[in-house]
Amino acid sequence: MPKLSAGVLLYRIRDGVVEALLAHPGGPFWAGKDDGAWSIPKGEYTDGEDPWAVAQREFSEELGLPVPDGPRVELGALKQPSGKVVTAFAVRGDLDVTDPCSNTFELEWPKGSGTVREFPEVDRVGWFPVAQARAKLLKGQRRYLDLLMAHPELAGLTEGS
């Protein structure tokens, strides 16, 4: 049974350009990575849990803010290169993310040192035009941008540059 994860792809429209909200994972492994490292805010769940409820919970845990009220679009489930299956929901809304407050995790760092340190799950978040988000997002999640842009509400809008 693959691991399951659910998340929210928050989007907004600015001057005819669709922008997506992405989160950069915290911790030492991701510290020096940028392009191809960002993700939609998401988290794991067990079979039988409601993916939408999990997506909302994980969004709040990773950003310290609730999912804005807005129309929800189910983007479906995609198998990631790791084998994990991610179910995503797009929500149109705007959010000030200048001061996100993520939950944390503990990790022995440096590895083998015996020192356990605390790191934020997400160390930064940002709004990106969809064209730029394609480069930032993890490879396995890029298809969600295609599914978002195919939504009838976004017909005639651009991905930016």
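Biologist: What counts as a helix or a strand here?
Modeller: Both are DSSP runs, numbered from the N terminus. A strand needs at least two residues. A helix needs at least four.

Biologist: This is a predicted model. Which feature does UniProt place at residues 1-150, and how far apart are the end C-alpha atoms?
Modeller: The unreviewed UniProt entry gives residues 1-150 as "domain: Nudix hydrolase". The span is 18% helix and 39% strand. Its end C-alpha atoms lie apart by 30 Å.

Biologist: Which element gives the most to the largest nonpolar core?
Modeller: That core has 22 residues, and L9, V18, L22, L75, Y144, L145 and L148 have the most contacts inside it. At least two residues each come from β1, β2, β4, β5, α2 and α3. The top contributor, with four residues, is α3.

Biologist: Is W38 buried or exposed?
Modeller: W38 pairs with F128, at 5.0 Å centre to centre and 80° between the planes. W38 sits in the loop between β2 and β3, and F128 in strand β8, 90 residues apart. The cut-off for buried is under 20% relative accessible area. W38 has 4%, so it counts as buried.

Biologist: Why is the pair of F105 and F119 called tilted?
Modeller: F105 is in strand β6 and F119 in strand β7. Planes under 30 degrees apart count as stacked, and over 60 as edge-to-face. These planes stand at 35°, so the pair is tilted.

Biologist: Which residue lies over the face of W52?
Modeller: Two rings can be looked at here. K33 lies over the face of F29, at 3.8 Å from the ring centre. Over W52, at 4.4 Å from the ring centre, lies R72.

How values were computed
Residues are numbered from 1 along each chain as its sequence is written. This is a predicted model: local features need pLDDT of at least 70, side-chain atom pairs count only at pLDDT 80 or more; totals for chains, interfaces and linings use all residues. Side-chain values use heavy atoms; hydrogens and water are left out. UniProt positions are given in the numbering used here, feature names are shortened, and annotations may be inferred rather than shown by experiment. A nonpolar core is a set of buried Ala, Val, Leu, Ile, Met, Phe, Trp, Tyr and Cys residues joined through side-chain atoms within 4.5 Å. Buried means under 20% relative accessible area, exposed over 50%, partly exposed in between (1.4 Å probe, protein chains only). Rings of Phe, Tyr and Trp (its six-membered ring) pair if their centres lie within 6.5 Å; planes under 30 degrees apart count as stacked, over 60 as edge-to-face and the rest as tilted. A charge sits over a ring if NZ of Lys or CZ of Arg is within 6 Å of the ring centre and within 35 degrees of the ring normal.
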